[in-house]
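Thanks for coming. I'll take a few minutes on one structure, so please have a look at it first.

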Amino acid sequence: MTNVSRERLQRYFVRIGDSYQLIPELRQMIGFAAHDVIKDAPFTRMDLVSCRNLLIYLQPNAQQRALSKFHFALNRGGVLLLGPSESTGA
């Protein structure tokens, strides 16, 4: 939290013991879940899928399966955020 401004901490976080948690209003807007992008069914109706530095560790076939699920999960006009070393391939 050393890189988060005091204004952001006060506006978007609550202190719980020695750590911080997003305010309830933001937590209700964001889905937090462990998810196997290869085996699990994709989430649906997502506006944003953030996948930074995951695809680079997968074989090409697994990359294509993951990208297919991301495409299915995103709303029309949704955004797929990839890491700087990643691409959607062919």
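Let me start with a question: is Asn53 buried, partly exposed or exposed? Asn53 is partly exposed, because its relative accessibility is 34%. Here buried means under 20% relative accessible area, exposed means over 50%, and partly exposed is in between, with a 1.4 Å probe and protein chains only.

A word on the source. This is a predicted model, where local features need pLDDT of at least 70, side-chain atom pairs count only at pLDDT 80 or more, and totals for chains, interfaces and linings use all residues. Residues are numbered from 1 along each chain as its sequence is written, and side-chain values use heavy atoms, with hydrogens and water left out.

Back to Asn53. Asn53 sits in the loop between S3 and H3. Helices (H or I, at least four residues) and strands (E, at least two) are DSSP runs, numbered from the N terminus. The phi of Asn53 is positive, about 60°, and Asn53 is not a glycine. Most residues other than glycine have a negative phi.

Next, Arg45. Its phi is near 55°, again a positive value in a residue other than glycine. Arg45 belongs to the loop between H2 and S3. Arg45 counts as exposed, because its relative accessibility is 69%.

Ile30 is in the loop between helix H2 (24-29) and strand S3 (46-51). Ile30 is partly exposed, at 39% relative accessible area.

Now Ile23. You find Ile23 in the loop between strand S2 (19-22) and H2. Ile23 counts as buried because its relative accessible area is 17%. Ile23 and Phe13 are 10 residues apart in sequence, and their C-alpha atoms are 5.1 Å apart in space.

Last, the largest pocket. On a 1 Å grid over the protein atoms alone, a pocket is an open set of points where a 1.4 Å probe fits, with protein on both sides within 12 Å along at least five of seven lines; lining residues have an atom within 4 Å of a point. The largest pocket has a volume of about 570 Å³, the space filled by probe spheres set on the points, with grid points joined across faces, edges and corners. Its lining has 18 residues, and Gly31, Phe43, Met46, Leu48 and Val49 lie nearest the centre. S3 and helix H3 (60-73) are the elements that give two or more residues to that lining. S3 gives the most, with 5 residues.

That's my tour. Thank you.
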